[in-house]
Amino acid sequence: VLDYYTLSACLCGVIVSTEREWLHGLLWCLSFLLLGAPFACAWVVSHVWFGDGTLEVAPVGNGFKCGAQVTTIVYSSLGVLFLARLVWT
């Protein structure tokens, strides 16, 4: 379970920073954090089908301005938590 949510948190950073509106990214993240992996797959399909036709990791249009900072904070926090867990065991 912890592995799923760690991976989901990383994917959330990508989704929030690449969606056109940050609220859409947040709703996608909540959907697959609460309802499971099929919604993460639905995001991939919708991003390819209705988006630019690729999974390119780049802001589209007026993407979330603070996306890089949020992603950096999330990944740094996950790294510190991973190190703490590694030292603890």
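**A close look, starting from one residue**

Modeller: T6 is partly exposed, with a relative accessible area of 32%; on this scale buried means under 20%, exposed over 50%, and partly exposed in between, with a 1.4 Å probe and protein chains only. Before going on, a word on the ground rules: this is a predicted model, where local features need pLDDT of at least 70, side-chain atom pairs count only at pLDDT 80 or more, and totals for chains, interfaces and linings use all residues. Residues are numbered from 1 along each chain as its sequence is written, and side-chain values use heavy atoms, with hydrogens and water left out.

T6 sits in helix 1; helices here are DSSP runs of H or I with at least four residues, strands are runs of E with at least two, and both are numbered from the N terminus. The C-alpha of T6 is 10.0 Å from that of Y75, although 69 residues separate them along the chain. As for helix 1 itself, its 17 residues reach 25 Å from first C-alpha to last, close to the 24 Å expected at 1.5 Å a residue; that expected span is 1.5 Å times one less than the number of residues. Its buried residues are S8, C12, G13, I15, V16, S17 and T18.

Y4 and Y5 give the structure its one aromatic pair. Their ring centres are 5.1 Å apart and the planes stand at 80°, so the pair is edge-to-face. For the cut-offs, rings of Phe, Tyr and Trp (its six-membered ring) pair if their centres lie within 6.5 Å; planes under 30 degrees apart are stacked, those over 60 are edge-to-face, and the rest are tilted. Y4 is partly exposed at 29% relative accessible area, and Y5 also counts as partly exposed, at 40%.

Now for the inside. The largest nonpolar core has seven residues: C12, I15, V16, C29, F32, A40 and W43. Such a core is a set of buried Ala, Val, Leu, Ile, Met, Phe, Trp, Tyr and Cys residues joined through side-chain atoms within 4.5 Å. Helix 1 (2-18), helix 2 (22-35) and helix 3 (37-49) each put in at least two of its residues, and the largest share, three residues, is from helix 1. Leaving out residues up to four places away in sequence, C12 touches C29, F32 and L33, where a contact means heavy atoms within 4.5 Å.

G25, C29, S31 and F32 are its buried residues. They fall within an arc of 160° seen down the axis, so they line one face of helix 2; the arc is taken over the directions from the helix axis to the C-beta atoms. What covers them includes helix 1 and helix 3. The face turned away from that buried side carries the exposed residues L34 and L35. Just after helix 2, G36 takes a positive phi of about 110°.

Helix 3 has 13 residues and reaches 18 Å from its first C-alpha to its last, close to the 18 Å expected at 1.5 Å a residue. The buried residues here are A40, W43, S46 and H47. Their arc around the axis is only 125°, which puts them on the same side of helix 3. Cover for them includes helix 1 and helix 2, while P38, V45 and W49 are exposed on the other side.

Zooming out, the protein has four helices and zero strands. Of its 89 residues, 24% count as buried. Among contacts with a separation of 6 or more, 55% are between residues 24 or more positions apart. The protein exposes about 6,300 Å², with carbon and sulfur atoms supplying 75% of that; the areas come from the Shrake-Rupley method with a 1.4 Å probe, and for residues only the protein chains shown count as cover.
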